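Dear colleague,

Please find the structure below, followed by a short account of what was found in it.

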Amino acid sequence: MEEQRRYRSKKHMTSKQKGDRILNYLIALVVGLIILVASIIFSGGEEQQKAKEPEKEAVTAQPQKETPKEEEPVKKKKTVKPTVVKDVEELKKSDTVKVSKSDEAIVDEVIEDKEWKPYKTAQQDDGTTMHVSSYSAGTVDWNEKLQAVQNITGLKEEDWILWYAKGNGSADASIITVSSKDQTKKYRVSLKWVAKKGWKPEKVEVLNQLQGAY
């Protein structure tokens, strides 16, 4: 009888121990599941937070655009034409004209202008040979001298009296005295030859008489 009791008691304890073990396993399993679920929730929250954060775009330094320089307007060269007047009085209207007195009693005034230009020549002058000045009627050089005097005084060849023409110290300088036919206008014109260009007026002297002018 006693052995049966011991057997039953032992059997009972073994069943209880098994129940405890199973309970412990279940508890451990539940705890593991809780930890697993918590880790899943935690990691999912982090991923969700990362997803919410906007991605920072890489800022690329943009090259600075060079401001185009404004092109300066091209300055056109002012074309200065040789002086052609209808009357000597027109010469005095220039801003660059110089009107002065003379030591000569027969000269009322001397007109000069640094802006006067040579009159275009038809002569073949390349600047390498000496210019040949001519005082023979009909030659190109002579005709160009007379044309220069006409342009700078306003007197026309058909309306003037040519009193005298001569060289003025060199083959490239000339001085010519003219007057209107009624002799109310009397001028002595100094010309200078400019290589490759032509005869250029240097000065116009307004005379009060012709005697002693040449």
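Strand 4 and strand 5 run antiparallel and are joined by seven bridges; strands here are DSSP runs of E with at least two residues, helices are runs of H or I with at least four, and both are numbered from the N terminus. This is a predicted model, in which local features need pLDDT of at least 70 and side-chain atom pairs count only at pLDDT 80 or more, while totals for chains, interfaces and linings use all residues. Residues are numbered from 1 along each chain as its sequence is written, and side-chain values use heavy atoms, without hydrogens and water.

Within the pairing of these strands, S179 stands opposite K186 in strand 5. The open sheet has six strands in the order 1-2-6-5-4-3, with antiparallel pairing (two strands pair if DSSP finds at least two bridges between them). Strand 1 (97-100) and strand 3 (160-167) stand at the edges with a single partner strand each, so one side of each has no neighbour in the sheet.

The largest nonpolar core has 22 residues, of which L91, Y187 and V204 touch the most other members. Such a core is a set of buried Ala, Val, Leu, Ile, Met, Phe, Trp, Tyr and Cys residues joined through side-chain atoms within 4.5 Å, where buried means under 20% relative accessible area (1.4 Å probe, protein chains only). Helix 2 gives this core its largest share, five residues. A second, separate core of six residues includes I106, L207, L210 and A213.

Yours sincerely

Definitions and conventions. Buried means under 20% relative accessible area, exposed over 50%, partly exposed in between (1.4 Å probe, protein chains only).
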